[in-house]
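Open the structure in your viewer and keep the selection tool at hand. The stops below say what to select next and what is there.

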Amino acid sequence: MVPTGYNAALVALSVAIAVLASYTALDLGGRMRGTGSRARWAWLIGAALAMGGGIWSMHFVGMLAFEMGLPAAYDFGSTLLSLLIAIGVTGAALAWLGRGEAGRWDVLVAGPVMGIGVAAMHYTGMAAMRMPGNLAYSPPIVALSVGIAVVAATVALWLTFRPTGVWQRFVAALVMGLAVAGMHYTGMAAATITAGEAGIHSAHLAATSVDQQNLALSVAGVTFVILFLAMLASAFDQQRIQGELRASEERFRAAVQAVRGVLWTNDPQGRMTGEQPGWAALTGQTRAEYEGFGWADAVHPDDRQPSVEAWNATVAARSTFVHEHRVRARDGLWRHFSIRAVPVLDAQGAIREWVGVHTDITEQREAEAELRESNEEIQRYAYIVSHDLRAPLVNVMGFTSELEAVREELRTLLRDHPQGKRIDDDIGESLSFIQAAIIKMERLIAAILKLSREGRRRFNPEPLAMTVLVRGIADAQRHQADRQSATVTVADALPEIVADRLAVEQVFGNLIDNALKYLDPSRPGRIEISAKPAAGNRIRFAVSDNGRGIAARDHGRIFELFRRSGTQDQPGEGIGLASVKALVRALGGRIEVSSQPGKGTTFVVTLPREPVTGRSEAATSNSPETMSLAAE
């Protein structure tokens, strides 16, 4: 047997090559996902060359580090084959994991393939060695070397193709590099070399040791250059990614500014840290003033604790924060802001920070307040006008009764007058016209008062089982439906909402009554009530019929007060749909109509699932030191 040993410097060099090659290859391979087809192939080829070439170079330097005292040469064909095996198998494993549909379990295929490929490269390289001696292997140690390569390659690939940081990728490269080196030197330990001729190794050692070290350094140098170029390409790609991230961030900031928003970030506990230029520009607070929970000093005192309660609930639920409150601006004025914040999660699913936007809605809230004030003023005018109209109408009604009494006296006085009967008939006809006008005027005034009262009504929201409620309305009108041979169908499981019961009953009662009034007598009436979800946490209720239909020109007019469409063969003053629209709007919804004459009509009422309020309300919390509220 030939006495053997290792050159420690070359062993260290071989391990360094393996680790560096592994890091470069795994970094390039990790860039394959999320890129286009052409770029993916480029990264794959680069990773395969870096990994395969690095493994082969490590093996070659490791062989040169092996001091056995025998002259050795390498068969070019077999050596080249070992290089191609390293590159091909490495590329196949990375390509398998780089597929878009690859899952976590695919590493159990790619890891063994790469590990067996590393072993195949090693033993092919050993077979390429030509020397005056015999080479034998210990099967258990060979199996151990293959097992080391398979296990370590699987672990390294699993670490690489997870969401990783730089340090985790370095650990993966270290595992892979040590695995390659460990497999190599374990494989070398499995080999037993027997000299063919005795006594020649000392002379050979003296003659070849310097050249062997120079050859190892040359191979290592070429390898380092290749790996340096690969890492340089990776660095350029990283710069490209960072440029895209900067451009994306600038676009995001521009979008926030376009919607008059203020961008801010907070830590998981709601503390404001670091530079917050948007918040500072809005409030005038310095960094020392807004850091931690100091930002809360800029929130209106009446809004601060309700905001805290809402935020605590959001943090506990790990959901999107949607809120509204007032903030003192730099000029000292309080402005209304709508807030929306989302949590940013790390790889483990924990909240890393909160990113939010304050959107200025002061003008919107002022416009809404002016609109409410205008509506209230109109309602007051309607009440006053209708009340003032009613007073003279009462006088007219009273004097009409007086005229009825005087008519009897006139009839007695004109009994013998030749024109007496004609005069009495004219008086009776005139009184009838006056009384009819009084009745109509009374109805119109009552309608105005009703709408005025609806505008001033206070709603009492409560959970409503809509299927039960609407079926109850339909049952109450069953007699009218049976008289017209009509059927009213209410869909099963209508979504529940929270709203004022009386208002909802009036809305659907009016719509069903309206549908029954204007059915087509030429066919059996059919009325259907259904519902489906709508955007913004709303429900679209549809009341459809197969009645006469409404002409397109009248679709907007039917919601106006005292306006009716079509043939006027049904009693009414044209206030039902106007009242429905007022109620629906007061409930925070809207009503639409689609209809075709001769086919039928569908009224769509969109209502919120929950009552609509101008701002969220919540109970008070503790001091600012216990807050979890993001710096809105």
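Start by selecting Trp264 and Gly356: Trp264 stands opposite Gly356 in E10. This is a predicted model, in which local features need pLDDT of at least 70 and side-chain atom pairs count only at pLDDT 80 or more, while totals for chains, interfaces and linings use all residues. Residues are numbered from 1 along each chain as its sequence is written, and side-chain values use heavy atoms, with hydrogens and water left out.

**The sheet**

Next select Thr265, which stands opposite Val355 in E10. Strands here are DSSP runs of E with at least two residues, helices are runs of H or I with at least four, and both are numbered from the N terminus. Now show the whole of E7 together with strand E10 (residues 351–360); 6 bridges join these antiparallel strands. Two strands count as paired if DSSP finds at least two bridges between them.

Go on to E9, which pairs with E10 in the antiparallel sense over 9 bridges. How many residues of E10 are buried? The count is 7 of its 10 residues, so E10 is mostly covered. Buried means under 20% relative accessible area, exposed means over 50%, and partly exposed lies in between (1.4 Å probe, protein chains only).

Zoom out to see the open sheet of 4 strands, in the order E7-E10-E9-E8, with antiparallel pairing. Strand E7 (261–266) and strand E8 (321–328) are at the edges; each has a single partner strand, so one side of each has no neighbour in the sheet. On average, neighbouring strands of this sheet are turned by 30° against each other, direction ignored. Helix H10 (residues 301–317) packs on the sheet and touches E8, strand E9 (334–345) and E10, and its direction makes about 155° with that of E8. Contact means heavy atoms within 4.5 Å; axes are lines fitted to C-alpha atoms, for helices over the stretch in contact, and angles run from 0 to 180 degrees between N-to-C directions.

**Two loop residues**

Most residues other than glycine have a negative phi. Select Arg318, in the loop between H10 and E8. Arg318 is not a glycine, yet has a positive phi of about 55°; Arg318 is partly exposed, at 42% relative accessibility. Then move to Ala493, in the loop between strand E12 (486–490) and strand E13 (497–500). Phi of Ala493 is also positive, near 55°, and Ala493 is exposed at 69% relative accessibility.

**Salt bridges**

A salt bridge is a side-chain nitrogen of Lys or Arg within 4 Å of a carboxyl oxygen of Asp or Glu. By this rule there are 18 salt bridges. Select Glu275 and Arg287, whose side chains meet in one of them (3.1 Å, N to O). Glu275 lies in the loop between E7 and helix H8 (277–283) and Arg287 in helix H9 (residues 287–290), so the pair ties together parts 12 residues apart in sequence.

Which residue does Lys517 form a salt bridge with? The partner is Asp513, with the closest N and O atoms 3.6 Å apart. Lys517 and Asp513 are 4 residues apart in helix H15 (residues 501–517), which means that about one helical turn separates them.
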